[in-house]
Amino acid sequence: QVQLVESGGGLVQAGGSLRLSCAASGVIFSISTVGWYRQAPGKQRELVAAKTSGGSTNYADSVKGRFTISRDNAKNTVYLQMNGLAPEDTAVYYCNALIASYSSSRYLSYWGQGTQVTVSS
């Protein structure tokens with residue numbers, strides 16, 4: 001059973017930084033694209049950043065220049081470094097990964113449980 005476990009959320013003042021981590025566990029054969037999404041109260045879940053296995057990245061316009069997505073393939077872990085945080089960044093952040101396990105050659109989409117990020121003004 002593949003699982004994604006997030007950590008690193010919390011309360012921070014505007015202008016501060018946080019680093020989110022998402023570790024994949026289970027019998028993993030390969031991880032393709034990984035991404036971070038967020039959902040604020042009353043809003044739809046939106047893509048924050050994504051990174052392919054080839055290294056290409058994609059960021060939401062609202063976080064460009066402030067957030068950085070990275071991955072450690074040896075540790076099956078993806079990170080989101082968030083700098084210059086603003087109150088509008090307050091949301092529950094979810095990691096997502098396309099993972100192929102040894103029991104299935106297909107890439108399936110997995111989600112973490114979410115971690116709360118709250119930015120005070």
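1. Cys22 and Cys95 are joined by a disulfide, with an S to S distance of 2.0 Å; the term denotes a pair of cysteine sulfur atoms within 2.5 Å. The pair links distant parts of the chain, since Cys22 belongs to strand 3 (residues 18-25) and Cys95 to strand 9 (residues 91-101), 73 residues apart. The structure holds one disulfide. The link of Cys22 and Cys95 is right-handed, with 50° about the S-S bond.

2. The model is a predicted one: local features need pLDDT of at least 70 and side-chain atom pairs count only at pLDDT 80 or more, while totals for chains, interfaces and linings use all residues. Residues are numbered from 1 along each chain as its sequence is written, and side-chain values use heavy atoms, with hydrogens and water left out.

3. The chain has eleven strands and zero helices. Both kinds of element are DSSP runs numbered from the N terminus, helices being H or I of at least four residues and strands being E of at least two. The radius of gyration is 14 Å, close to the 14 Å that the globule rule gives for 121 residues, so the chain is as compact as a globular protein of that length. That radius is taken over C-alpha atoms, and the rule is 2.2 Å times the number of residues to the power 0.38.

4. Along its principal axes, the C-alpha trace spans about 45 × 25 × 25 Å. Of the 121 residues, 44% count as buried. Among contacts between residues at least 6 apart in sequence, 56% join residues at least 24 apart, a contact being heavy atoms within 4.5 Å.

5. Which strands form the open sheet, and in what order? Four strands build it in the order 1-3-8-7, with antiparallel pairing; two strands pair if DSSP finds at least two bridges between them. Strand 1 (3-7) and strand 7 (67-72) stand at the edges with a single partner strand each, so one side of each is left without a neighbour in the sheet. From one strand to the next, the twist averages 15°; axes are lines fitted to C-alpha atoms, for helices over the stretch in contact, and angles run from 0 to 180 degrees between N-to-C directions.

6. Within this sheet, strand 1 and strand 3 run antiparallel and are joined by five bridges. Leu4 has Ala24 of strand 3 as its bridge partner. In strand 1, Leu4 and Glu6 make up a covered face, whereas Gln3, Val5 and Ser7 make up an uncovered one. In a regular strand the side chains alternate between the two faces of the sheet.

7. Strand 3 also pairs with strand 8 (residues 77-82) in the antiparallel sense, over six bridges. Ala23 stands opposite Thr77 of strand 8. Ser21 is in strand 3 as well and counts as buried at 18% relative accessibility. Beyond four places in sequence, Ser21 is in contact with Val5, Glu6, Ser7, Trp36, Val78 and Tyr79.

8. The loop between strand 7 and strand 8 contains Asn76. Although not a glycine, Asn76 has a positive phi of about 50°. Most residues other than glycine have a negative phi. Asn76 is partly exposed, with a relative accessible area of 26%.

9. Val48 lies in strand 5 (residues 46-51) and is buried at 1% relative accessibility. Its C-alpha atom is 5.0 Å from that of Tyr37, eleven residues apart along the chain. Not counting residues up to four places away in sequence, Val48 touches several residues, among them Trp36, Arg38, Tyr59, Phe67, Leu80 and Tyr93.

10. Gly10 is in strand 2 (residues 10-13) and, at 24% relative accessibility, is partly exposed. Not counting residues up to four places away in sequence, Gly10 touches Leu18, Gln116, Val117 and Thr118. Gly10 and Thr90 are 80 residues apart in sequence, with 9.9 Å between their C-alpha atoms.

Technical notes
Buried < 20%, exposed > 50% of the residue type's maximum accessible area, 1.4 Å probe, protein only.
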